[in-house]
Amino acid sequence: DGWGTTEEKKEFLESLQNERSKSVSVEQRTRRQSETTPMSSSDNERDLFIPIFALVSLAGLFGAYGYEMLRLASRGELYLPWNN
């Protein structure tokens, strides 16, 4: 059929099964080691710098935009395309 002999297919499948069983056993060993290793308190803490920085930046951006809108509207200089 052009895909090799059944002997080659069997060897290939056996090698795949061996590799898979090895990778599963390695994953299980690393999982066991990570479970037995006590974590320090600094590992459990989450770094919140980026989310806090993003929220403060967005608040500042929208605050400045809102301030300019109100300032221009109070002077009558605010251009709105639907009020032509």
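Trainee: Which element of the protein chain has the lowest mean pLDDT, and which the highest?

Mentor: This is a predicted model, and pLDDT is the predictor's confidence in each residue, from 0 to 100. Where pLDDT is low, the predicted coordinates should not be read in detail. Helix α2, residues 41-44, has the lowest mean among the elements, 58. Helix α3 has the highest, 96. For the protein chain as a whole the mean pLDDT is 84, and 85% of its residues reach 70 or more.

Trainee: How many helices and strands are there in the protein chain?

Mentor: The chain holds 3 helices and 0 strands. Read from the N terminus, the order of elements is α-α-α.

Trainee: What should the span of helix α3 be, and what is the distance between its end C-alpha atoms?

Mentor: The idea is to count 1.5 Å a residue and compare. After α3 comes G76, whose phi is positive, near 80 degrees.

Trainee: How many aromatic pairs does the structure hold?

Mentor: It holds 1 aromatic pair. The partners are F49 and F53, with ring centres 5.7 Å apart and planes at 25 degrees, and the pair is stacked. Planes under 30 degrees apart count as stacked.

Trainee: Where do F49 and F53 lie?

Mentor: Start with the general rule. An α-helix has 3.6 residues a turn, so residues three or four places apart point the same way. Here, F49 and F53 are both in helix α3, 4 residues apart, about one turn of the helix.

Trainee: Are F49 and F53 buried or exposed?

Mentor: Both F49 and F53 are exposed. In the protein chain, buried residues make up 0% of the 84 residues.

Trainee: Which side chains meet in a salt bridge?

Mentor: The structure holds 1 salt bridge. The side chains of E68 and R71 form it, at 2.7 Å from N to O. E68 and R71 are separated by about one helical turn, because they are 3 residues apart in helix α3. E68 counts as partly exposed because its relative accessibility is 31%. R71, with a relative accessible area of 26%, is partly exposed.

Trainee: Which residues form a nonpolar patch on the surface?

Mentor: F12, L13 and L16 form one, with about 300 Å² of accessible area together. Of these, L13 is found in helix α1, residues 6-36. For the protein chain, the accessible surface comes to about 8300 Å², and 60% of that belongs to carbon and sulfur atoms.

Notes:
Residues are numbered from 1 along each chain as its sequence is written. Side-chain values use heavy atoms; hydrogens and water are left out. Helices (H or I, at least four residues) and strands (E, at least two) are DSSP runs, numbered from the N terminus. The expected span of a helix is 1.5 Å times one less than its number of residues. Buried means under 20% relative accessible area, exposed over 50%, partly exposed in between (1.4 Å probe, protein chains only). Accessible areas come from the Shrake-Rupley method with a 1.4 Å probe; for residues, only the protein chains shown count as cover. Rings of Phe, Tyr and Trp (its six-membered ring) pair if their centres lie within 6.5 Å; planes under 30 degrees apart count as stacked, over 60 as edge-to-face and the rest as tilted. A salt bridge is a side-chain nitrogen of Lys or Arg within 4 Å of a carboxyl oxygen of Asp or Glu. Patches are made of residues with over 30% relative accessible area and no salt bridge: like charges are joined within 9 Å, nonpolar side chains (Val, Leu, Ile, Met, Phe, Trp, Tyr) within 5 Å.
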